[in-house]
Amino acid sequence: MIALIDTESDFNAQMVSETGDLSIAQINPEVWNREFKWMRLPPIQVGELQKPDQKYALKKMGLILSILKKRHEKKDRRWYARYH
């Protein structure tokens with residue numbers, strides 16, 4: 001997670017990318033809320049991602065990584081590279 005955060009946001013909690021990725025974890029709520037809806041998970045709360053306390057963003061990052069791992073680890077040993 002640390003390497004991904006370093007790459008994605010350079011540890012800048014206020015980072016907003018050109019594609020709408022937010023927070024230290026650079027999560028795109030539009031993309032992931034479609035996935036979460038399909039998986040019947042609660043939607044990502046944009047306001048929570050933008051708080052200075054990044055606990056929420058890191059929890060969601062962990063959830064997204066676990067989803068990606070389940071989907072791709074058997075075919076791709078670098079499944080974590082699909083994070084973004």
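User: Which residues are exposed on the other side of α1?
Analyst: In this predicted model, Leu4, Ile5, Glu8 and Ser9 of α1 are buried. They lie on the same side of the helix, because they cover an arc of only 100 degrees around the axis. On the other side of α1, the exposed residues are Ile2, Ala3 and Thr7.

User: Against which element do the buried residues of α1 pack?
Analyst: The buried set in α1 consists of Leu4, Ile5, Glu8 and Ser9. The element against which these buried residues pack is α4.

User: Which element gives the most residues to the largest nonpolar core, and how many?
Analyst: The largest nonpolar core has 19 residues, and Ile27, Trp32 and Tyr83 are those that touch the most other members. Two or more residues come from each of α1 (2–9), α2 (29–38) and α4 (55–72). The element that gives the most to this core is α4, with 7 residues.

User: Which residues does Trp32 touch, not counting those up to four places away in sequence?
Analyst: Trp32 is among the core residues that touch the most other members. With residues up to four places away in sequence not counted, Trp32 touches Ile27, Ile44, Ile64, Ile67 and Leu68.

User: Does Met39 count as buried, partly exposed or exposed, and why?
Analyst: Met39 is found in the loop between α2 and α3 (46–49), and together with Trp38 and Leu41 it makes a nonpolar surface patch of about 320 Å². Buried would require under 20% relative accessible area and exposed over 50%. Because its relative accessibility is 30%, Met39 counts as partly exposed.

Key:
Residues numbered from 1 in each chain as written. Predicted model: local features only at pLDDT ≥ 70, side-chain atom pairs only at ≥ 80, totals over all residues. Heavy atoms only, no water. Core = buried A, V, L, I, M, F, W, Y, C linked by side-chain atoms within 4.5 Å. Buried < 20%, exposed > 50% of the residue type's maximum accessible area, 1.4 Å probe, protein only. Helix = DSSP H or I, 4+ residues; strand = E, 2+ residues; numbered from the N terminus. Contact = heavy atoms within 4.5 Å. Patch = residues over 30% accessible without salt bridge, like charges linked within 9 Å, V, L, I, M, F, W, Y side chains within 5 Å. Areas by Shrake-Rupley, 256 points an atom, 1.4 Å probe, with all protein chains shown as cover. Salt bridge = Lys/Arg side-chain N within 4 Å of Asp/Glu carboxyl O. Arc of directions from axis to C-beta.
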